[in-house]
Amino acid sequence: MIRVATPKAPASLSSERTLAERKAALDFYATWDGTGKYDKYTAYKNPDVRAALELAFGRKCAYCESSYGATQPVAIEHYRPKGGVTIDGTLTPPGYYWLASEWTNLLPSCTDCNSPRRQELPTGTRTAGKANAFPLAKGETGRAAQPGQERDEQRLVLHPYLDHPEKHLTFTWDTGTIDDGWVVPTPSSRGRPSPKGQATIEVCALQRRGLVENRRAHLQYLLGALEGVREAVENIAAHPDDPRLVTQYERNLAEVKKYLGDHDKYAAMCRQVVTAYYRRLFGD
């Protein structure tokens with residue numbers, strides 16, 4: 001996950017139809033007796049919502065950064081679940097109904113991050129995926145129950161607009177083992193793993209086998225490109241008057257940059273690797 005600038009909200013989310021939908025949900029829960037639920041949410045499915053999210057994220061999942069465009073439709077994911085929150089394995093209403101069509105609560109997600117599915121994880125095979133999970137640092141005592149209270153929550157799942165994920169997630173590389181491509185919560189100065197990093201990895205199953213294998217394969221291509229830079233640096237040092245070697249060096253740098261853009265898959269991992277590799281190659 002990388003930080004993304006909050007994109008402009010699509011026009012449909014301020015339309016009369018969307019405003020009427022929001023009012024209907026608020027009216028329903030204003031007199032809610034704990035039974036039934038409001039389930040007539042459609043605004044978040046508007047075509048311009050999907051288009052705006054795909055443009056902002058480059059058809060990548062907001063959580064795992066996998067490209068979904070060629071293999072699956074995007075899931076419009078509610079960061080805070082709209083219809084209920086899973087608490088101790090049970091879906092507990094009413095959820096964050098007032099945020100069902102709030103722009104910053106909508107994120108693009110792949111099926112594996114968004115939906116509960118059987119996944120092979122380091123701790124064994126189990127059902128994982130964000131679905132209606134939304135853990136809080138203070139547990140249920142800090143859960144919002146009405147509009148506005150969510151601002152006081154101590155949320156644990158990382159948000160690409162609100163957090164700097166690179167401060168919470170650390171990727172393993174250069175071990176030459178199957179650990180390459182893993183992601184772990186970044187430890188604090190006291191050695192404690194980031195609570196947000198840990199929760200996001202667990203909730204979104206960021207250690208699932210297929211995802212780790214894809215990151216590892218992508219990492220190998222990146223390391224190949226970085227080796228090209230290292231060789232070019234060595235060649236220039238040996239033959240400083242050869243302009244062709246400078247051209248080769250610039251070409252290799254440009255190749256590495258292809259892994260680092262906001263819309264490039266697994267950019268968070270690639271940026272960490274490139275920063276560390278260049279520090280090793282060029283010094284601080």
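Helices H5 (residues 209-238) and H7 (267-282) pack at an angle of about 25°, with their axes 11 Å apart. Helices here are DSSP runs of H or I with at least four residues, strands are runs of E with at least two, and both are numbered from the N terminus. Axes are lines fitted to C-alpha atoms, for helices over the stretch in contact, and angles run from 0 to 180 degrees between N-to-C directions. The angle makes H5 roughly parallel to H7, a word used for angles under 35 degrees, while over 145 counts as roughly antiparallel, 65 to 115 as roughly perpendicular and the rest as oblique. The crossing of H5 and H7 is right-handed; this applies if the near helix is turned clockwise from the far one by less than a right angle, and left-handed if anticlockwise.

The model is predicted: local features need pLDDT of at least 70 and side-chain atom pairs count only at pLDDT 80 or more, while totals for chains, interfaces and linings use all residues. Residues are numbered from 1 along each chain as its sequence is written, and side-chain values use heavy atoms, with hydrogens and water left out.

Leu281 lies in H7 and is partly exposed, with a relative accessible area of 26%. Buried means under 20% relative accessible area, exposed over 50% and partly exposed in between, for a 1.4 Å probe and protein chains only. Apart from neighbours within four places in sequence, Leu281 touches Val229, Arg230 and Val233. The C-alpha atoms of Leu281 and Val229 are separated by 9.3 Å, although the two residues are 52 residues apart along the chain.

H5 also meets helix H6 (residues 243-257), where the axes come within 9 Å and cross at roughly 160°. H5 is therefore roughly antiparallel to H6, and this crossing is left-handed. Residues that meet here include Leu222, Leu226 and Val229 in H5 and Leu245, Tyr249 and Val256 in H6.

Leu226 belongs to the largest nonpolar core, which has 66 residues; Leu226 and Tyr63 have the most contacts inside it. Such a core is a set of buried Ala, Val, Leu, Ile, Met, Phe, Trp, Tyr and Cys residues joined through side-chain atoms within 4.5 Å. Elements that each supply at least two residues of this core include H1 (16-30), H2 (47-57), S4 and H5, and H7 gives the most, with eight residues. Leaving aside neighbours within four places in sequence, Leu226 is in contact with Val256, Val273, Val274, Tyr277 and Tyr278.

In H2, the buried residues are Val49, Ala52, Leu53, Glu54 and Phe57. Strands S1 and S4 are included in what covers them. Just after H2, Gly58 takes a positive phi of about 65°.

Strand S1 (residues 75-78) and S4 run antiparallel, joined by four bridges; strands pair if DSSP finds at least two bridges between them. Ala75 stands opposite Ser109 in S4. In a regular strand the side chains alternate between the two faces of the sheet. In S4 (residues 106-109), Leu106 and Pro108 point one way and Leu107 and Ser109 the other, and all are buried.

The chain contains seven helices and eight strands, and buried residues make up 44% of its 284 residues. The C-alpha trace spans about 80 × 40 × 35 Å along its principal axes.

Methods
Contact means heavy atoms within 4.5 Å.
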